[in-house]
Amino acid sequence: MSLTNLTHITRSEGDPRVERKGQSSMIGADRLARALGWFSVGLGVAELVAPGRIARTLGLDDKQGLIRAYGAREVASAVPTLSIDKPIGLASRIAGDALDLGTLATGLQRDNPQRRNAAIATALVAGITLLDLTAFFGVKAAHKREPTSGRDYSDRSGLPRGLKASRGMARQDFETPADYRTDGTVANAVPALAG
Amino acid sequence: MSDPEIEADRDAIIKVTSCAICGSDLHLFHNLIPAMLPGDILGHETMGEVVEVGNAAKGSLKKGDRIVIPFTIQCGECDQCRRGNFSVCERTNRKKELADKAFGHATAGLFGYSHLTGGYPGGQAEYLRVPFADTTHVKVPDGIDDEKLLFLSDILPTGWQAAVQADIQPGDTVAIWGCGPVGQMAIRSAVLLGAEQVVAIDRLPERLSMAAAAGAITIDFAHESVVERLNDLTGGKGPHRCIDAIGTESHVNLGQPDTILDRAKQMLLAENDRPHVLREMIYVCRPAGVISIVGVYTGLADKIPMGQAMNKGLTFRMAQTHVPRWTGDLLRRIEDGQIDPSFVITHKADLSQGPEMYRTFRDKADACIKVMLRP
């Protein structure tokens, strides 16, 4: 539920209505990142709530505490992934994927009766890692500030009469309104002393 | 979207001829003011031609009038409007109950600026309903391009008010944080008001070059210490006047570690603003100096060094701009050739390219400083 739902904000009756939707400012990589962010929330909550069940399914019974910590990590990385700073969130997700794969690798040993489940989980995490990498590089590329963008605007003064003539020009016919003057405050409290 | 209709006697409908994307639209775009709904229309820098007038507005407007729309909606009659405090008009915020809870007391209605300020549809559209139109407009003459007039709606009076409320005196050093559109207007305003030395702070070379074009000394905060340079430029005393043209979204980088903590807290809804600039201004400002804030803050800001501010005897001035208070004077200065605000436009596009232009502006791509849109 969004904050706007909680505050019961509604649009006014006479306001223009949406007739059809146009293009979005979000590109595919932004949408993928958003989906991965929500996936992080879901997985993180599951790991926080049911680490024992996950550990048993994977044959990693001694790693319940670690799985719970991974849940906290997932939720933490979801926050930036769902924000406008998506690359930070996606980078933390990729680092987390590496940790997940490392942990799952310990479940692939022959003596693990749940080795098949661990292998499936490993494949899934590998797939998600690919999606994370795709989203990361896609978002970085789409929102990149090109190195050539240091354009020079030094011919745009906005002061048609030139800098020298403009300096103080408004002083000739503009008086700071009384409510914006700061003399009388500590700034210039005793101007007489200046002389 | 469907076209707007007259809803009240004081309304008018304008056919938008030009509008712009403002830096504060990005705060909404980034959901830092979480009071927007699907279907809300952004845009508070708008001008156009009157196509329909409500009965009560007919005394001051007629079809065909060319008008710029101030981003603040004002009744012109309440106690605050009579004092010239138009951005805190007591009557025009139609979501008063919500705003009272958020702000303590409601402020004026604003176009396209979330439901906290009335939820009024904005002007990045083909048509705009102007409530309280008899007092919420600036009539402008034919024969001057939209490019020169459009910014009477917001950034020009905002930059002007930033300089005026700083009470700049001849001989002053004025430091301005942020060389976006408002910062650029504040630089020109400070020059016109006689500041001896204007120092502009940013990190983007194209913005710094535009600041230097108006004679500002520039500081690239990514490569040099703002505090050291400002002290060097003022004989170790600090600037007399400090203007914040940044507001809630200070740039996040390793060189300013407090911004990283602020960003993390902002994401977790533990803090609304990233007030690095405010902290820096308070620290570097000359004792008994003035801090002028026109960059938009949205809510709670942490770790504000009030001890420094109090002990240094700083004066704080801040507000959303009381637009109509300045527009008559500024229109005259445009007509008189004292200032040409069109210098700030770097991108012009059709309104239909809005989503792409938002992305370009947000990413500061293609040296974008100001986008003007035409329906």
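How do the axes of helix H4 (residues 64–82) of chain A and helix H5 (residues 86–105) of chain A cross? Select both stretches: the axes come within 7 Å and cross at roughly 160°. Axes here are lines fitted to C-alpha atoms, for helices over the stretch in contact, with angles running from 0 to 180 degrees between N-to-C directions. Because angles over 145 degrees count as roughly antiparallel (under 35 as roughly parallel, 65 to 115 as roughly perpendicular, the rest as oblique), H4(A) is roughly antiparallel to H5(A).

Before moving on, please note that this is a predicted model, in which local features need pLDDT of at least 70 and side-chain atom pairs count only at pLDDT 80 or more, while totals for chains, interfaces and linings use all residues. Residues are numbered from 1 along each chain as its sequence is written, and chains are lettered from A and ligands numbered from 1 in the order in which they are written.

**Stop 1: the helix pair in chain A**

The crossing of H4(A) and H5(A) is left-handed, meaning that the near helix is turned anticlockwise from the far one by less than a right angle. Helices (H or I, at least four residues) and strands (E, at least two) are DSSP runs numbered from the N terminus.

Now pick A:Ala95, in helix H5 of chain A. A:Ala95 counts as partly exposed because it has 13 C-beta neighbours inside 10 Å. The scale calls a residue buried with 20 or more other C-beta atoms within 10 Å of its own, exposed with 12 or fewer, and partly exposed in between, with C-beta atoms placed from the backbone. Then find A:Ser40: 55 residues separate it from A:Ala95 in sequence, and the C-alpha atoms are 13 Å apart.

**Stop 2: chain B as a whole**

Colour chain B by secondary structure and you can look for 13 helices and 15 strands. Its C-alpha atoms fill a box of roughly 60 × 45 × 40 Å along the principal axes. Of the 375 residues in chain B, 59% are buried.

**Stop 3: where the chains meet**

Show both chains together: 58 residues of chain B are in contact with 50 residues of chain A. Helix H7 (205–213) of chain B gives the most to the side that touches chain A, with six residues.

**Stop 4: helix H5 of chain B**

Helix H5 (155–165) of chain B also supplies at least two residues of the side that touches chain A. Is H5(B) mostly covered or mostly open? H5(B) is mostly covered, with 11 of its 11 residues buried; B:Trp160 is one of these. What covers them includes H6, strand S11 (241–244), strand S12 (290–293), S13 and helix H12 (324–335) of chain B. After H5(B), click on B:Asp167, whose phi is positive, near 50°.

**Stop 5: B:Leu373**

Finish in strand S15 (residues 371–374) of chain B, where B:Leu373 is found. B:Leu373 counts as buried because it has 24 C-beta neighbours inside 10 Å. Leaving aside residues up to four places away in sequence, B:Leu373 touches several partners, including B:Cys19, B:Gln124 and B:Met357.

Definitions and conventions:
Contact = placed C-beta atoms within 7 Å.
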